[in-house]
Amino acid sequence: MPSPYRAIFGRPGTKSFSAAGLLGRMPLSMMGIGIVTMISQLTGRYGLAGALSATLALSAAVLGPQISRLVDRHGQSRVLRPATLVSIAAVAGLLLSAQQRWADWLLFAFAACAGCVPSVGSMIRARWAELYQGSPRELHTAYSWESIVDETCFIFGPILSIGLSTAWFPEAGPLLAAGFLAVGVFWLTAQRATEPVPHPREQHAKGSALRSRGLQVLVVTFVATGAIFGAIDVVTVAFAEEVGHKAAASLVLAVYALGSCLAGAVFGLLHLKGHPSGRWVVGVCAMAVSMVPLQLVGSLPLLAVALFVAGLSIAPTMVTTMALVEEHVPRAKLTEGMTWTSTGLAVGVALGASAAGWVVDAAGAARGYLVPGAAGVLAALVAFAGYRRLRPQPAPPVAGTAVAGSLAGGHGTANERQGEESVA
C-alpha cells in the first residue's frame, strides 16, 4: 500500500471500521443487479426487473437522508441497527414473493420497504471526517481510499450476485447481499470509539442540508450520473444474454469498476492545487464523453474495453464531490449532506434502470446504451449550469475582522459560510 494510504490507517480503529464499511456496502453493487438477474431468470421480464430495481433505489433515495439526519442527531449505533433490520426483513419478503410467483404489487411493496437501508459509505466517510478534521491532505487520501473500497464492491459484487443467481438459484445474489448488510452494519456499530459524537440539538439549524445551493447542484448532477450507472447495469446484462453469455455480464461490469478503482488509487496519491469545483466539472464531462463508444460496440470484449475507459473518470469525480460536500454543508449535517449525493445517485440509478429496461424490451440491448449516453449529456449540462454555485464566494469585508478572517484560513470559514447559506 502506498505510504499516503498507510499513514491514514495509523489511527486506532481505522482498519476495523473501513473493513466493516466494505461489507456493509456490498449490497450497493449486489442488490439492484441481483434483483434484475433474479426477476429476469424467473419471469423473463426485463421491464419488471428494471422497475423493481428502480423502486428499491427510489425508496432508498427517500429514506436514506432521513436516516442520516437521525444519525447526525442521535449517533450511528442508535439508528443504523433498527433501520437495517427493517430492510433485511423486507428483502426476505421480496425473495419469498418472487420465488412463490406472488402478485407484482407485492413485489413492489417489499422492494419499497427494502429501501430502509443506511448509507454505509456516508457513515464511514463521516468517521474519516471526524478523525482528520482540519487535515485536508489526509482527508483527501481517506476519501480516495473509500472510493477504492466502493469500486472494489462494484468489481466483486456483480460477479457474486449474477454468478450465484445464474449458477445456483435465482434468489442467491440478493440473499447474500442482505447477509453482507447485516454483518457490516452490526460490526460497524459495535465500534463506538471512532463513532462521530452527535451534535447538540442547538447546532442543528432548521431545515435540511439540501437547502445549500452548492449541494443542490451536486445532487441534481448525480441524478443524471446515477442514470448512467443504472442503465449500464441493466443493458449490459441484457446485451450479454443476447450474445449468449449472460453470466459474463458480471465480468464486464467488474472491468467497469476496475477502471474506476485504479483511477481512484492514483488520484489519492496526488495533491492537486486549486479549487475542486473545476476538477469536478471536468470529471463529469469526461463521464459524458466516455458514453460515446458504448453506442458502437458489437461484442463483449469491445464492450469491456469501452467500459474500462469509461470507469477511469468515476472515482476522481466522486472523491472531488465529497470534498465539495464538506465545504458546502455545515459539520452538524455532514452525514446527511453526504447521503444526499448518494440519494441523487440512487434516484438516477432508478430512472436509468427503469428506462433502460423498457428500451431493451422494445428495441433490444444495443439501443439500450442510448440511455446512459443521454444521461451523460444531461449531467454535463447541469454541471456547467451550476458551476458558479460551487465556486467559493468571497465574504463581504467587515470592519475590524477582515484581517482576522484572512488569517483564519479557507476551510473553516467556508463551512461557516455554507452553514449560514443552508439556513438562509
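1. Seven aromatic pairs are found when the whole structure, a predicted model, is searched. One of them is formed by Trp128 and Tyr132, and this pair is stacked, with 6.1 Å from centre to centre and 15 degrees between the planes. A distance between centres and an angle between planes are the two values by which a pair of aromatic rings is described.

2. Trp128 and Tyr132 are both buried.

3. Thr14 lies in helix α2, which covers residues 14-43. Is Thr14 buried or exposed? Thr14 counts as buried because its relative accessibility is 0%, and the cut-off for buried is under 20%.

4. Which residues does Thr14 touch, leaving aside those up to four places away in sequence? The contacts are Ile8, Phe9, Trp128 and Leu131.

5. For the chain as a whole, the secondary structure consists of 18 helices and zero strands. The chain has 424 residues, and 57% of them count as buried.

6. Where contacts join residues at least 6 apart in sequence, 85% of them link residues at least 24 apart.

7. The accessible surface of the chain comes to about 17,100 Å². Carbon and sulfur atoms account for 68% of this surface.

Conventions: Residues are numbered from 1 along each chain as its sequence is written. This is a predicted model: local features need pLDDT of at least 70, side-chain atom pairs count only at pLDDT 80 or more; totals for chains, interfaces and linings use all residues. Side-chain values use heavy atoms; hydrogens and water are left out. Helices (H or I, at least four residues) and strands (E, at least two) are DSSP runs, numbered from the N terminus. Buried means under 20% relative accessible area, exposed over 50%, partly exposed in between (1.4 Å probe, protein chains only). Contact means heavy atoms within 4.5 Å. Accessible areas come from the Shrake-Rupley method with a 1.4 Å probe; for residues, only the protein chains shown count as cover. Rings of Phe, Tyr and Trp (its six-membered ring) pair if their centres lie within 6.5 Å; planes under 30 degrees apart count as stacked, over 60 as edge-to-face and the rest as tilted.
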